[in-house]
Amino acid sequence: MNFFKSFLAALLALTVFTVVSFLLMIGILASLGSEEKVVVSNNSVLHLKLDAEITEQEVENPFAGFPFPGGEVQNIGLLKLKETIRHAKSDAKIQGIFLNVSFPMTGFSTLGEIRESLIDFKESGKWVVAYADVMSEPAYYLASVADKVYLNPEGEVEFNGLTVEISFFKKLFDKLEIKPEIFRVGDFKSAVEPFMLEKMSNENRLQLTALINSIYDHVLSGISESRNIPQQKLREISDKMLVRNAKLAVEHGLVDDLLYYDEVLDELRGRLGVKETEKVKFIARNKYNKSISEKKGSADEIAVIVADGTIMPGKSSEGIIGSATITEEIRKARLSKKVKAIVVRVNSPGGAFQASDAMWREVKLATEVKPVIASMSDYAASGGYYLAMAADTIVAQPHTITGSIGIFSVLFDASGFLGNKLGITFDEVNTGEFGELVTISRPLTQSEKNVWQTRTEEIYETFTGKAAEGRNMSQDDLKKVASGRVWTGSQAVERGLVDVLGGYNDAIDIAAKAAGLDDYSIKLYPRQKPFFEQLMESLSENARTNTLKKEMGEYYTWYLQAVKLKQFEGVQARMPFELQIQ
């Protein structure tokens with residue numbers, strides 16, 4: 001019996017070693033291959049396929065092009081994409097851009113950034129052609145910037161306005177006998193509403209209605225300018241859903257013609273001036289990037305600190321802004337002699353209050369020695385706004401979701417679930433009047449609730465006080481636009497929460513001007529881990545997950561929910577929960 005155990009253990013170890021060695025070999029070969037420069041042919045077309053998750057930064061995938069899982073691109077980095085389009089603008093070998101987009105996974109501010117880059121590209125005299133079988137509303141907003149928009153004859157364009165959908169969990173908690181204990185400041189601090197209500201409050205409905213109408217007005221304004229259709233007519237088309245098929249999309253001017261893919265290729269051949277029998281020389285975005293030679297950096301640098309995700313203590317990871325990581329990066333940029341200005345790029349719905357405050361402190365210190373500009377992406381709300389509010393200048397897109405200056409604290413009393421569903425009860429003894437202030441095993445006493453509410457109100461005073469200082473406003477005036485209410489970038493400018501409407505490039509220009517720079521390099525921080533290192537971490541995490549699933553069985557689902565709820569425990573500076581604009 002022991003022999004077989006030893007044999008199986010050795011076989012398992014050998015298998016793991018073989019797999020890891022194979023991955024290492026492929027990773028090394030792929031990395032070596034990726035160093036080879038790609039030569040771009042004359043009369044080429046840059047092919048942008050944007051049906052992917054678009055995040056702020058992109059991790060280079062050394063397995064790209066290999067025929068096994070992991071060979072596909074995992075995400076598209078916005079900042080890298082903008083640089084790619086900027087380079088193609090002045091590349092004589094690139095004649096135009098062929099844009100394919102149906103279901104981009106990102107927000108309207110990110111799409112606005114890409115639109116701006118495409119508009120800048122067209123200013124060189126080059127063209128952009130967009131084509132798809134189907135276009136979602138965000139996809140059409142992006143595609144509308146093209147010189148020509150083509151649609152499959154049997155395709156369709158979604159053009160019927162925006163919707164915000166929020167999930168509510170009160171009935172679930174009632175069934176599970178879990179009681180949220182909530183402490184908040186601000187009529188509009190709706191992040192906790194899903195725990196305590198079954199539908200939106202009037203205040204939340206008011207702010208979200210104003211929010212999506214502001215966003216949609218800007219979307220329609222961009223489409224109107226690109227397609228030369230009056231904005232009022234676009235609103236009518238949308239409100240009445242007049243475009244219900246491909247032919248109606250042409251009739252109402254949303255697209256230029258209905259073509260099959262082979263017909264689009266013929267159109268591109270005509271633009272390129274090549275014979276019908278010749279192939280169109282497409283070059284993919286990731287391949288084109290390998291043709292771009294990095295210029296020698298200037299002695300002067302603008303450091304771009306990218307904060308993308310939910311704010312939490314500790315180190316950053318995918319989807320998490322770790323305060324320890326970001327504070328370290330801002331500190332290094334502040335102390336570096338070659339860094340002349342800092343741009344803090346924020347894409348965050350907020351998160352833990354103390355983590356937000358730690359990053360605010362480093363931004364504040366940095367402003368004392370060099371220019372600091374905040375650039376807001378899709379979200380810079382609550383803790384995300386906290387991170388930006390000490391900057392010298394705040395730049396936001398018109399459809400950025402920001403503000404949400406408010407505080408809440410939430411704990412979960414699971415004593416009913418534990419006792420009545422699982423048969424687990426608890427008891428405790430204390431040395432004084434107060435017991436454990438963070439507990440799920442019992443309800444809080446009234447004295448403990450008073451402590452939580454008082455602490456929440458004190459932190460709200462801290463938040464609004466520091467925001468008022470950063471914005472050169474009185475705290476009373478700041479509170480008039482606080483109370484946890486969310487605003488678009490356009491609304492935030494009108495209320496003094498944002499200085500300038502613009503994108504990432506505008507923030508860079510403002511930083512360079514403030515530092516008196518003509519020649520400078522731009523460096524992104526924190527440095528992204530190599531793809532292979534992330535892959536190995538993912539394999540390790542998958543192994544841990546599989547072990548948990550095996551040990552916990554049917555309770556694993558409950559564990560995942562508990563982990564998610566755990567992020568909401570304690571004092572939070574966070575925007576409305578699970579806000580989805582569709």
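This is a short tour of one predicted model, stop by stop. Local features need pLDDT of at least 70 and side-chain atom pairs pLDDT 80 or more, while totals for chains, interfaces and linings use all residues. Residues are numbered from 1 along each chain as its sequence is written, and side-chain values use heavy atoms, with hydrogens and water left out.

Start with the whole protein in view. Colour by secondary structure to see 21 helices and 24 strands (DSSP runs: H or I of at least four residues for helices, E of at least two for strands, numbered from the N terminus). Of its 582 residues, 49% count as buried (under 20% relative accessible area, with exposed over 50% and partly exposed in between; 1.4 Å probe, protein chains only).

Now select K370, in the loop between α13 (353-367) and β16 (372-381). This lysine is buried yet has no salt bridge (a Lys or Arg side-chain nitrogen within 4 Å of an Asp or Glu carboxyl oxygen). E301, the nearest side chain of opposite charge, is 8.9 Å away (Lys and Arg count as positive, Asp and Glu as negative; His and the chain ends are not counted). Show the backbone of A333 too: its oxygen is reached by the K370 side chain at 2.9 Å.

Next, go to N228, between α7 (202-227) and α8 (231-239). N228 is not a glycine, but its phi is positive, about 60 degrees. Then try S404, in the loop between β18 (401-403) and β19 (407-413), where phi is about 55 degrees. Which of these two is buried, and which exposed? N228 is exposed at 70% relative accessible area, whereas S404 is buried at 0%.

Finish at P526, in the loop between β22 (521-525) and α20 (531-552). A cis peptide bond joins P526 to Y525, with omega about -5 degrees.

Notes: A polar contact is a pair of N or O atoms within 3.5 Å; within protein, one must be able to donate a hydrogen and the other to accept it, and residues adjacent in sequence count only if both atoms are side-chain atoms.
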